[in-house]
Amino acid sequence: MPYLLGIDPYYIMLVMPAVLFALYAQSRVQGTFNQYLNVRNIRGYTGAQIAREILDSQGLYDVQVEMIGGHLTDHYDPRTKVVRLSQSVYSSTSVAAVGVAAHETGHAIQHRVSYAPLVFRNSLVPIANIGSHAAIPLAILGLIAGLEPLVNFGIILFTAVVAFQVVTLPVEFNASGRALEILETRGFLSRDELQPTKKVLNAAALTYVAAAAVGIANLLRLVLIAGMGRRRR
């Protein structure tokens with residue numbers, strides 16, 4: 001009856017809470033980053049300088065540091081061995097910028113040591129890319145046409161997307177852990193500066209938790225809808 005009224009109860013019960021959590025996580029990371037964007041680190045390191053210092057301290061002289069456009073678009077590209085920092089991080093001396101830059105060098109270190117979760121995540125990239133675009137349309141088409149194999153194929157593809165999101169969690173937490181340890185042991189930040197840096201990185205990590213929650217909720221919704229379709233037949 002709910003579907004006849006144009007209401008998807010599974011979306012309301014599963015997906016909507018996860019989406020609201022994702023919106024909260026995004027708001028929190030923006031707010032936390034902006035809060036500490038004007039708090040200058042005592043030693044005056046810019047994001048680019050701290051990235052270079054950490055990379056060199058780990059023997060990663062072949063990894064380059066570049067500026068990239070956008071806001072919080074920071075990432076490490078393992079294909080080209082480049083740490084790309086957004087404009088608000090690259091030249092900023094804030095503790096927020098230092099934390100983000102250090103986090104991205106954490107990924108470069110993971111790449112060098114072949115950190116297992118990162119290797120596994122990278123192996124999922126091709127199928128996850130396909131699944132993120134094709135999984136739900138294929139499953140919906142299968143449900144409409146009554147083609148169960150197509151529905152199952154769509155669910156398998158989307159499972160790969162969710163697996164990618166879930167395995168991203170230890171990768172991100174580990175990168176932050178590496179970053180904070182190096183910042184402390186190498187004396188790049190004082191103990192007082194480490195606390196706000198942790199807050200920035202924890203807020204950023206929450207966005208990955210939220211993304212995984214949305215993915216899992218959508219997968220459960222898809223499986224439940226498919227099961228309901230089978231029972232009707």
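## Basis of the model

This is a predicted model, in which local features need pLDDT of at least 70 and side-chain atom pairs count only at pLDDT 80 or more, while totals for chains, interfaces and linings use all residues. Residues are numbered from 1 along each chain as its sequence is written, and side-chain values use heavy atoms, with hydrogens and water left out.

## Helix H4 and its partners

Helices (H or I, at least four residues) and strands (E, at least two) are DSSP runs, numbered from the N terminus. Helix H4 (residues 95–113) and helix H6 (residues 148–185) have axes that come within 7 Å and cross at roughly 110°. H4 is therefore roughly perpendicular to H6. Axes here are lines fitted to C-alpha atoms, for helices over the stretch in contact, and angles run from 0 to 180 degrees between N-to-C directions. Angles of 65 to 115 degrees count as roughly perpendicular, under 35 as roughly parallel, over 145 as roughly antiparallel, and the rest as oblique. By class, the contact of H4 with H6 has nine nonpolar, six polar and two charged residues. In this classification, Ala, Val, Leu, Ile, Met, Phe, Trp, Tyr, Cys and Pro count as nonpolar, Asp, Glu, Lys and Arg as charged, and the others, Gly among them, as polar.

The axes of H2 and H4 come within 8 Å and cross at roughly 30°. Gly 47, Ile 50, Ala 51, Ile 54 and Leu 55 in H2 meet residues of H4 that include Ala 97, Val 98 and Ala 101; contact means heavy atoms within 4.5 Å. The residues of this contact of H2 with H4 divide into 10 nonpolar, two polar and no charged.

## Two buried residues

Leu 55 is placed in helix H2 (residues 47–57). Leu 55 counts as buried because its relative accessibility is 0%; buried means under 20% relative accessible area, exposed over 50%, and partly exposed in between (1.4 Å probe, protein chains only). Not counting residues up to four places away in sequence, Leu 55 touches Leu 60, Val 63, Val 65, Val 83, Thr 105 and Ala 108. From C-alpha to C-alpha, Leu 55 and Val 83 are 9.7 Å apart in space, although 28 residues apart in sequence.

Ile 155 is placed in helix H6 and is buried, with a relative accessible area of 13%. Its contacts, leaving aside neighbours within four places in sequence, are Leu 219, Leu 222, Val 223 and Ala 226.

## Salt bridges

A search of the whole structure finds eight salt bridges, each being a side-chain nitrogen of Lys or Arg within 4 Å of a carboxyl oxygen of Asp or Glu. Lys 81 and Asp 62 form one of these (3.0 Å, N to O). Lys 81 is partly exposed at 34% relative accessible area, and Asp 62 is partly exposed at 42%.

Another salt bridge joins Glu 172 and Arg 121, whose closest N and O atoms are 3.7 Å apart. Glu 172 lies in helix H6 and Arg 121 in helix H5 (residues 116–145), so the pair ties together parts that are 51 residues apart in sequence. Glu 172 counts as buried at 6% relative accessibility, and Arg 121 counts as buried at 15%.
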